[in-house]
Amino acid sequence: MSEKLMFVQGNEACVQGALYAGVDFFAGYPITPSTEIAELLAARLPEKGGKFIQMEDEIASMCAIIGASLTGHKVMTATSGPGFSLKQEAIGYACMAEIPCVIVNVQRGGPSTGNPTHVSQGDINQARWGTHGDHGIIALTASNHQDVFRMTVDAFNLAETYRTPVVLLFDEVIGHMRERLVVPDPGVVPIVDRLRTSVPKDVDYHPYLPREDGRLPMSDFGGHHRYNVTGLFHDMWGFPSNNPSVVQDLLRHLVDKIDTNVDVITRYKEHCLDDAEYILVSYGSSARSAIHLAKNRRQKGERLGVLELQSIWPFPAEMVRAKCANAKAVIVVEMNMGQVLTQVKAAVDQPNRVFLANRIDGKLITPSDIKGLLRVIQGKGV
Amino acid sequence: MAIKDYLRERFFPHMWCPGCGHGTVLNSLLRAVEELGLNKSNIVMTSGIGCSARISGYVDFHSLHTLHGRALAFATGVKLSKPELTVIVPMGDGDALAIGGNHFIHAARRNIDITAIVMNNRIYGMTGGQFSPLSGPGKKATTAPYLTIDNEFDVVELAKAAGATFVARSTAYHCQEATNYLKQAILHKGFSVVEILSQCPTHYGRKNREGDAAAMLEIQRDSTARIGSKALDDNPHLIPRGIFVDIEKPEYCEEYNKIIDRAMKRKAS
Amino acid sequence: MARKKLKEHLINREWCKGCGICVRFCPKNVLELDNMEKAVAVRPEDCICCRLCEFRCPDLAIEIVVEDENDE
């Protein structure tokens, strides 16, 4: 089999990535601008013996994929802002019970029903703190379809590696735009499969006792090992406990398993960054405009570079600090009121040199939008 | 196997109050599972949140203690992804029909092969005695100090209308009848609903002056009658017990397997 | 078929919460609560092995152990 060349929407690139990663269960509810993901998987999953179900609401979709993950399947749901809000309680459940799953959020304008058919990147902080209580979370993003494919595969891999929900933060422009996608041959991109326990039948299995390498092997529902899964604080067998040391240790584990692996989880790209005096930090569709501007200015001899984030959470603060250390100014380019800006300011040595180039009117931020701000910072005026 | 072989004995005595009907429902359910001779490793019990939901921790099955109201949504994912499993979903009245009402009617509509048990004690016990959608008007609760004005659902009528293909009602008092209905519900291919009237002497009984647990069981005995019985004909105000629906209709997971066949054939051609 | 004869009432005193359901509904008044509020079989000779106490016990604390009458 040779690699497949396609001309598709970003939502289909996501579907191709999910299929490549081995998704075999999807539950969803129609919502713009993510619906194509559900439509495509409704057709594709049964072809390979997988299951698609359209649930009665967004909450049920999130719950159903958690149930299907526990029987040993690779699972996904897709939504947008309002649906992402509704899923938050169950996302917290997946964090607490450590159940691998992938949640796609094709972002649109919010709050509330907002601007359903237009682009936004306003759910960055919701991806981090949408569910209540302390927890770790992984969120990835992408600015082109090849990367949408790759980040979707990575999302499944990270979900299995860390037994955690992983959020894919795409946006309306990426989801609906069509461009080239090359689906590689099987085996080219590594796949992480479910780590299952080797504990034999009738021997005590501890679903929540990490191995030396920190990973927690799972046992499928329906297998030999009958254990408990709960959203309550729980002991190593999965049974509820409010013992203070059990509670404290579990919460630390849930946060640390993600945060101490920030270097492994971090994904980013550099565009003309080596000697850059001015750095644009961006992600998703905004990064396309940032990259376009940087390439354009480079031709005119201006030392402008782009640091493109592909993982937003856990926030790669140390990497951002190092990359931006020698910049005269850092401009965060995003389509919200400064959600990643806050993180970058907290990360760098000189936060007063960090600026925001944003657009929040439902239109894609353009290179000239960024250029205007850059000229002001450079003292050239608009 | 004995009943105790289906229990996680290390968690006993259980956390339910003295005289709580939920313990009797657990008792009746285990007898049903035992009499059917089911393999423990083939059963998934999914529950929500509340007093009722703690039932899943006590059984030596695969147990999934989920979110308030969402047990059937989780169970749908379990069942569709692995249809060979027997999926049993005990829920409280608030769990199943207030916060979980939407999942209840849609699981029934799909006719997915899950056994739903509504442990109806007409009150939110875990949070201290608030009225539920099954309390009915004129009842006392912490959130109804001047008596309830909310009408109640009839679980049987709701399940019937939503498309459940097996619907039965019994009580904690009629424990052998309950075991019998639960056995039939588990064997039934499709979405089964068994409502079991259960007593909460701690909150509902005390607030509504129904007496102790035994007195509340007497009320279950005296306020219900088997469908088709002379007692019910003579006293139509009694709550009917019995099997109200037991029909065959296409089951969701089996229908989905036909979709897989169609999709695979189309792809191959 | 052989008739069942009572061998013993196995009552788990750790599990029994003394709700009194078994006492109230025993058709032969075999059971009582003792001064620790635990169920005890005070008249086991009257037991007809209907097992309703066992089936109804919310604490799963009662087991009626029977033997076949013609085993003796």
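Axes are lines fitted to C-alpha atoms, for helices over the stretch in contact, and the angles between them run from 0 to 180 degrees between N-to-C directions. Helices (H or I, at least four residues) and strands (E, at least two) are DSSP runs, numbered from the N terminus. The structure is a predicted model, in which local features need pLDDT of at least 70 and side-chain atom pairs count only at pLDDT 80 or more, while totals for chains, interfaces and linings use all residues. Residues are numbered from 1 along each chain as its sequence is written, and chains are lettered from A and ligands numbered from 1 in the order in which they are written.

**A helix pair in chain A**

Helix H10 (residues 284-299) of chain A packs against helix H13 (residues 367-377) of chain A at an angle of about 60 degrees, and their axes are 8 Å apart. H10(A) and H13(A) are therefore oblique to each other, where angles under 35 degrees count as roughly parallel, over 145 as roughly antiparallel, 65 to 115 as roughly perpendicular and the rest as oblique. The contact (C-beta atoms, placed from the backbone, within 7 Å) is made by Ser289(A), Ala290(A), His292(A), Leu293(A) and Asn296(A) of H10(A), together with Pro367(A), Ile370(A) and Lys371(A) of H13(A). These residues divide into 4 nonpolar, 3 polar and 1 charged, with Ala, Val, Leu, Ile, Met, Phe, Trp, Tyr, Cys and Pro counted as nonpolar, Asp, Glu, Lys and Arg as charged, and the others, Gly among them, as polar.

**Two domains of chain A**

The domain assignment of chain A gives domain 1 (1-265) and domain 2 (268-377), the bounds coming from an automatic or database domain assignment. Taken over C-alpha atoms, the centres of domain 1 of chain A and domain 2 of chain A are separated by 28 Å. Their contact takes 30 residues from domain 1 of chain A and 21 residues from domain 2 of chain A. On the side of domain 1 of chain A that touches domain 2 of chain A, the largest share, 4 residues, comes from H5(A).

**A residue in a loop**

His225(A) is found in the loop between strand S9 (178-183) and strand S10 (228-230) of chain A. With 20 C-beta neighbours inside 10 Å, His225(A) counts as buried (20 or more other C-beta atoms within 10 Å of its own, placed from the backbone, against 12 or fewer for exposed and partly exposed in between). Leaving aside neighbours within four places in sequence, His225(A) is in contact with Thr197(A), Val199(A), Tyr205(A) and Ser219(A). From His225(A) to Val166(A) there are 59 residues in sequence and 26 Å in space, C-alpha to C-alpha.

**Contacts between chains**

Of the 2 pairs of chains in contact, chains A and B share the most contacts. That contact takes 35 residues from chain A and 33 residues from chain B, and the largest share of the side of chain A, 9 residues, comes from H3(A). The contact of chain C with chain B takes 14 residues from chain C and 19 residues from chain B, and helix H1 (21-25) and helix H2 (52-56) of chain C each supply at least two residues of the side of chain C. No contact joins chain A and chain C, whose closest C-alpha atoms lie 20 Å apart.

The table sets out the classes of residue on three of these sides.

| Domain 1 of chain A that touches domain 2 of chain A | 16 nonpolar residues | 10 polar residues | 4 charged residues |
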